[in-house]
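Welcome, and please take a moment to look over the chain below. Here is a short briefing to read alongside it.

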Amino acid sequence: MLVNLHVKNFAIIDEADIDFGDNFNVLTGETGAGKSILIGSLGIALGGRVSPEMIGRRGDEARVEAVFQIRDERTLSILRDMDILPEDDLIVISRRITAGRSVNKINGESVPVGLIRQVASVCIDIHGQNEHQSLLKTTRQREIVDRFGGGEIQDALKEVSELYHEFVSVKKEIEDDEMTDEELARKLDYLRFEKSEIETAGLSREEIEIIDDKYRAASNAGNVVESLSEVYERGTKNAADALNRVLPELRRSVSMNSELAVFEETLLNIESLLGDFNRDLSGFMQDYTFDENELHELEQRMDAIHGLQSKYGDSYDEIMSHLRETKEQLEQYEDYENLCRVRQEKYDRLFNELTDKCNNLHDLRLRTAEDLTKRIQTALTDLNFAHVEFAIDIQRSDDFSEYGNDEIGFLIATNPGEPVLPLSKIASGGELSRIMLAIKSVFADSDEIETLIFDEIDTGISGRTAQLVSEKMNEISRNHQVICITHLAQIAAMADSHFLIEKEVGADASETKIRPLDYEESLDELARILGGARITGAVRDNAREMKEMAASKKASKK
């Protein structure tokens, strides 16, 4: 669950630190107080897009941090697979936003923002207006059915997906290789040319590895001879002449002072080494040959090898691998009729297998949809859809996809006597939010995600409907942490933890603050929601009665 949210210098929030409760958390406040900013900051913490415009007026950076306590074993296993190891069952996600970039960390270690999104997806589920609208998409409706079907449908989906990708691959091969006799002849000529070109080259692994160095040495042979001649003529030969001149003088000095004999010995050793060096160098230069024809042949060989590398692969292994593939293709295309027959047989086999797997998936979805329909119908009735009729329509499509060949649609009628029609043609914004809440309540018992956030769940509802929505959210909060931003007193009264979002308007700037409310403060806030600008004793009594009724309702459900 979301234990703590810390926001600093984000938009008009200078600093906010919120410790959320386990069950039903409600946030209320005046319109424009900054509720959307708070949700926005949480979205940023969970990997949303950042912008320097989000940085507030107090400094050149903004910070958001979300702390999750993970208790579900399956969630812990998923996180461990991501190499995310909770510390004392806690995951700390933090993001620092500057004008240049954002710094993203999980438990103090820098991570890509994509990893933050993956971690967030198993820790928290945010439902806002965009999420409600996504319910209108048939792909989202299919996902809901498949998710409700659990492991059996997921296993069937995996089988369908694997077969579908293999089927598409074979289909593409058939389409790509469909050719006339003339095209086949050109294909064979091309493959034979490649095979001949590689085989004729007679490559070896060692030659490819040393050809460049060998050519470089040969092409620089003339420069080597010139350099060695310079060394011999101006260096070692002159040095030998100089030694011959100074040795007699040193011998005379030794005859006058025997202590200088050590220098004479050293100079004699140098003369001996220099003589050996000169003889060796002279012999090397005499034996060193430079053949223009050999260089030309080496250059041609190197160009030929580089040409093969540019077409078939940089290394010997890559070129040989291409040769093997070319031989295999040549063998296949030389018996083109058999190739087409084998591929067609494989296509037919995969088509039949895919059809069978899709039929199995279709049957599973039909059974799942029957149960899911009843549960959603009941949940919608609980949410004051008095005359609702809900249906899940599953029709076969002529085309396969990795999700099978079913077209799935949610249908609804909200008035007696009306035919069921697609959600997009019937449901209003308020109805969509309640339908989504009904679906979430159906999934509540089996959903591993511990934290659910509802923003704008109260769109277009009031009165009895609002009361039923609050009860349904309280029901969900028995198995999940629920955080709800609302304008409705009925929902706020049901809160286990109530927070107030308020804006303080100063002379120079405005600031949004968030604070927890005690029982009496919560009564005051309920009275404000109920009474507007003027809060009378009767309004406050109404707020107290609403709180007491909510407490009684929660106690009866335990």
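The notes below go from the whole chain to its sheet, helices, hairpins and a few single residues.

This is a predicted model, in which local features need pLDDT of at least 70, side-chain atom pairs count only at pLDDT 80 or more, and totals for chains, interfaces and linings use all residues. Residues are numbered from 1 along each chain as its sequence is written, and side-chain values use heavy atoms, with hydrogens and water left out.

**The whole chain**

- The protein chain holds 19 helices and 15 strands; helices (H or I, at least four residues) and strands (E, at least two) are DSSP runs, numbered from the N terminus.
- Its radius of gyration is 41 Å, whereas a compact globule of 558 residues would have one near 24 Å. That radius is taken over C-alpha atoms, and the globule rule is 2.2 Å times the number of residues to the power 0.38.
- Along the principal axes, the C-alpha atoms of the protein chain fill a box of roughly 130 × 85 × 40 Å.
- Of the 558 residues, 42% are buried; buried means under 20% relative accessible area, exposed over 50%, and partly exposed in between (1.4 Å probe, protein chains only).
- The accessible surface of the protein chain is about 30100 Å², with 47% of it belonging to carbon and sulfur atoms. Accessible areas come from the Shrake-Rupley method with a 1.4 Å probe, and for residues only the protein chains shown count as cover.
- Among contacts between residues at least 6 apart in sequence, 71% join residues at least 24 apart; contact means heavy atoms within 4.5 Å.

- An open sheet is formed by 6 strands in the order 8-12-13-3-14-15, with mixed pairing. Two strands pair if DSSP finds at least two bridges between them.
- At the edges are strand 8 (124–127) and strand 15 (510–516), each of which pairs on one side only.
- On average, neighbouring strands of this sheet are turned by 15 degrees against each other, direction ignored. Axes are lines fitted to C-alpha atoms, for helices over the stretch in contact, and angles run from 0 to 180 degrees between N-to-C directions.
- Strand 8 pairs with strand 12 (residues 451–455) in the parallel sense over 4 bridges. Within strand 12, phenylalanine 454 is the bridge partner of histidine 127.
- Helix 18 (residues 519–531) packs on the sheet, where it touches strand 3 (24–28), strand 14 (497–505) and strand 15. The direction of helix 18 makes about 65 degrees with that of strand 14.

- In helix 3 (residues 113–123), the buried residues are Leu115, Ile116, Val119, Ala120, Val122 and Cys123. Seen down the axis of helix 3, its buried residues fall within an arc of 165 degrees, so they line one face of the helix. The arc is that of the directions from the helix axis to the C-beta atoms.
- Glutamine 118 is also found in helix 3, and this residue is partly exposed, at 44% relative accessible area.
- From C-alpha to C-alpha, glutamine 118 and isoleucine 394 are 31 Å apart in space, and they are 276 residues apart in sequence.
- Helix 16 (residues 463–476) contains glutamate 471, which is buried with a relative accessible area of 18%. Leaving aside neighbours within four places in sequence, glutamate 471 is in contact with Met494 and Lys553.

**The hairpins around strand 6**

- Strand 6 (residues 102–106) has 4 of its 5 residues buried, so it is largely enclosed by the rest of the structure.
- Strand 5 (residues 90–98) runs antiparallel to strand 6, and 5 bridges join them. A hairpin links these two strands through 3 residues, and arginine 95 has asparagine 104 in strand 6 as its bridge partner.
- Strand 6 is also joined by 2 bridges to strand 7 (residues 109–110), again in an antiparallel arrangement. Here lysine 105 stands opposite serine 110 in strand 7, and the hairpin has 2 residues between its strands.

**Two asparagines with positive phi**

- Most residues other than glycine have a negative phi.
- Asparagine 107, in the loop between strand 6 and strand 7, has a positive phi near 50 degrees. Asparagine 107 is buried, with a relative accessible area of 17%.
- Asparagine 384 has a positive phi near 75 degrees and lies in the loop between helix 13 (336–382) and strand 9 (389–401). At 31% relative accessibility, asparagine 384 counts as partly exposed.
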